[in-house]
Amino acid sequence: MKRLSYYHLSVLLVAAAAASLFIILGGVYFYLTLNLPDISTLKHYRPPATTIVYDRNGTPIAYWYKERRFPVPLRKMPSYLIQAFVAAEDARFYEHKGVDFISILRALIADIKARRVVQGGSTITQQVARSLLLSRERTLSRKIREAILAWQIDRALSKDEILNIYLNHIYLGAGAYGVESAALTYFGKHVWQLTLPEAALIAGLPPAPSRLNPLADPQAALKRRAYVLKRMAEEGYITWETARRAEKAPLRLHPMDFSPDPRAGYFLQIVRRRLERMLGKDRLLTGGYRIYTTLDLAWQDRVWPAVLKRLSLIPRRHHRKDIPQVAAVCLENPTGEVRLLMGGRDFRESRFNRAVFARRPPGSALKPFLWARALEDDLLRPDSLVVDEPVVLPGGKSGQLWRPRNFDHRYLGIISLRTALVDSRNTVAVKIARALGIGEVQETLRAVEISGPLPRNLSLALGSAGVSPWELTRAYTVFPLGGELVEPHLVALIQDREGQIIYRAHPRRKRVFSPETAYVVNFYLQEVVREGTGRCARVLGIPAGGKTGTTDLYQDAWFIGFTPGYTCGVWVGYDKPKTLGRLETGGRAACPLWVELLRGLSLSPEKFRVPEGITFVPFRDRSPSGQTEEIWLPYPEDKVPEIREVPRIRPRPGLLRWLFWWR
């Protein structure tokens with residue numbers, strides 16, 4: 001048998017080693033590819049995107065996100081921005097197949113010469129693989145898997161598709177993800193508006209976005225910008241002269257503020273709660289929605305300084321320094337759109353939303369609903385007479401007596417139902433509640449969506465239940481809307497990131513009272529403004545109705561008023577209940593603030609629509625000043641009285657005191 005020479009043995013050993021190495025590498029490759037993530041998701045790249053919230057005039061008021069990113073298509077990016085990234089990060093991007101072995105070798109040599117890592121060999125495609133599909137751990141196996149994925153991605157996607165993913169996904173410092181976010185963050189402009197020096201600065205950020213952030217270290221950012229411009233000139237994307245001019249351009253930063261607008265803080269608080277329930281918290285922060293709200297921030301800006309100025313006068317009248325809080329809600333009647341929602345003086349001082357979450361007794365502001373129910377049930381008629389007199393009723397505990405009193409501690413005797421509401425007579429309200437029954441009073445308040453606990457006693461007639469300004473303002477829409485209660489909404493329209501409409505608000509109403517009943521109470525409330533406790537609202541010179549509310553010791557002051565187009569509610573008080581000061585009633589403390597709110601609108605002298613079933617009949621009544629006046633009183637057609645001469649109302653001593661006195 002012929003013996004093998006050393007040459008043949010060497011060949012066999014090399015072949016065996018090569019085969020073994022091939023088997024080992026093949027096994028490693030097979031093992032690593034078993035756990036590789038699926039790259040098919042990149043075909044339909046949908047990164048987390050920022051949701052933008054706008055007011056009704058298109059002004060952005062909030063940006064909600066997990067990663068602040070605004071994806072834009074590659075076609076909207078300037079060519080020199082793309083060239084800057086390619087020159088700085090991966091000059092052979094259009095030539096290699098996902099992994100650039102020449103760049104890896106060049107980077108290795110540079111690192112050996114410098115005895116530290118000065119260059120990276122990762123391609124743009126490898127960076128995409130690492131950012132979207134792998135962790136950032138520094139291990140050999142991760143680098144191998146990254147190279148395999150980059151090769152697969154390059155086969156599956158076009159170069160433009162890879163660039164689109166890269167430029168929209170990459171982190172560029174200061175919380176900015178993607179080039180559009182970086183353009184807004186550093187320069188306050190869209191990516192397609194960037195100049196060459198600005199584009200080069202952004203393209204220089206990927207190696208160390210936190211360290212090179214121009215907001216933190218402008219000199220480091222400018223030095224890196226010069227490097228990017230040099231690389232662009234070396235690669236032939238720009239001339240050397242253009243590079244020198246761009247390098248000399250001054251750094252003009254205009255950072256954009258992405259924090260929620262504090263002016264809209266209370267409004268956004270409620271919008272976000274509702275949208276999280278509707279869309280889900282995670283989707284809201286990553287879905288890239290465009291949310292168009294009903295808030296009129298321009299209106300709020302016009303009126304709120306005047307409201308606060310009026311508010312500051314309250315403690316001054318009593319030589320005090322602690323300014324009370326204020327809450328205000330304004331709805332557009334036909335649509336239910338919430339135009340203004342302020343839960344306090346300033347969201348930056350206090351985030352507690354008093355407009356929605358505070359429950360305070362409304363006092364006499366609840367009375368119109370008693371009048372409406374009594375008219376609806378035909379217990380009373382528009383021309384009914386009632387007796388304003390001292391009343392003694394069983395108290396809350398056995399053996400106790402309750403004596404409800406009027407605000408002025410006076411009693412007017414026989415008066416009209418209209419005067420009883422205009423003058424806000426407490427004893428009449430208690431009598432009406434007693435005649436209706438406390439259960440029906442509660443049902444009426446539930447029908448207008450007052451949801452809090454309601455006491456099961458006659459103090460409810462005087463507004464002892466806690467209600468929020470949101471609830472009470474909404475409840476009052478039944479009077480200008482002909483007995484229908486409108487559903488308030490804060491969001492008018494929602495678009496997804498492709499611009500498709502996924503939600504559009506539609507006005508929703510439910511009937512609570514008949515149009516005739518609602519109009520009669522509407523008329524009474526206009527009389528409250530004309531000559532009653534709400535007469536401060538007359539200064540607007542337009543048709544308006546409303547009702548004041550004042551609680552014991554002047555701790556809470558309310559005015560809920562409406563025009564044909566808007567219903568607004570104002571509450572004034574301290575968070576820890578204490579007196580606003582003597583005689584700080586709803587008419588004195590809250591109504592002037594309501595007037596300032598309405599001054600911000602261009603209101604026409606439009607009159608309230610009269611239902612077809614209403615007839616006006618002359619009615620002689622006594623004004624709050626004690627004078628007799630003749631008014632045209634609205635009646636439902638089926639309840640119009642016989643027209644006759646009506647004598648002046650004169651209370652007589654010893655008169656048999658009935659619950660009500662009928663004409």
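Predicted model: local features only at pLDDT ≥ 70, side-chain atom pairs only at ≥ 80, totals over all residues.

1. Residues are numbered from 1 along each chain as its sequence is written, and side-chain values use heavy atoms, leaving out hydrogens and water.

2. Searching the whole structure gives two disulfides (cysteine sulfur pairs within 2.5 Å). With the bonded cysteines numbered in sequence order, they pair 1-3, 2-4.

3. C330 and C568 are joined with an S to S distance of 2.3 Å. C330 sits in strand 6 and C568 in strand 18, so this bond ties together parts 238 residues apart in sequence (strands are DSSP E runs of at least two residues, helices H or I runs of at least four). C330 is buried at 0% relative accessibility, and C568 is buried at 0% too (buried is under 20%, exposed over 50%, partly exposed in between, with a 1.4 Å probe and protein chains only).

4. The sulfur atoms of C536 and C591 are 2.0 Å apart. The torsion about their S-S bond is about -110°, so this disulfide is left-handed. C536 is partly exposed at 26%, whereas C591 is buried at 0%.

5. Do look at helix 2 (residues 79-89) and helix 6 (residues 159-169), which pack at about 90° with axes 12 Å apart (axes are lines fitted to C-alpha atoms over the stretch in contact, and angles run from 0 to 180 degrees between N-to-C directions).
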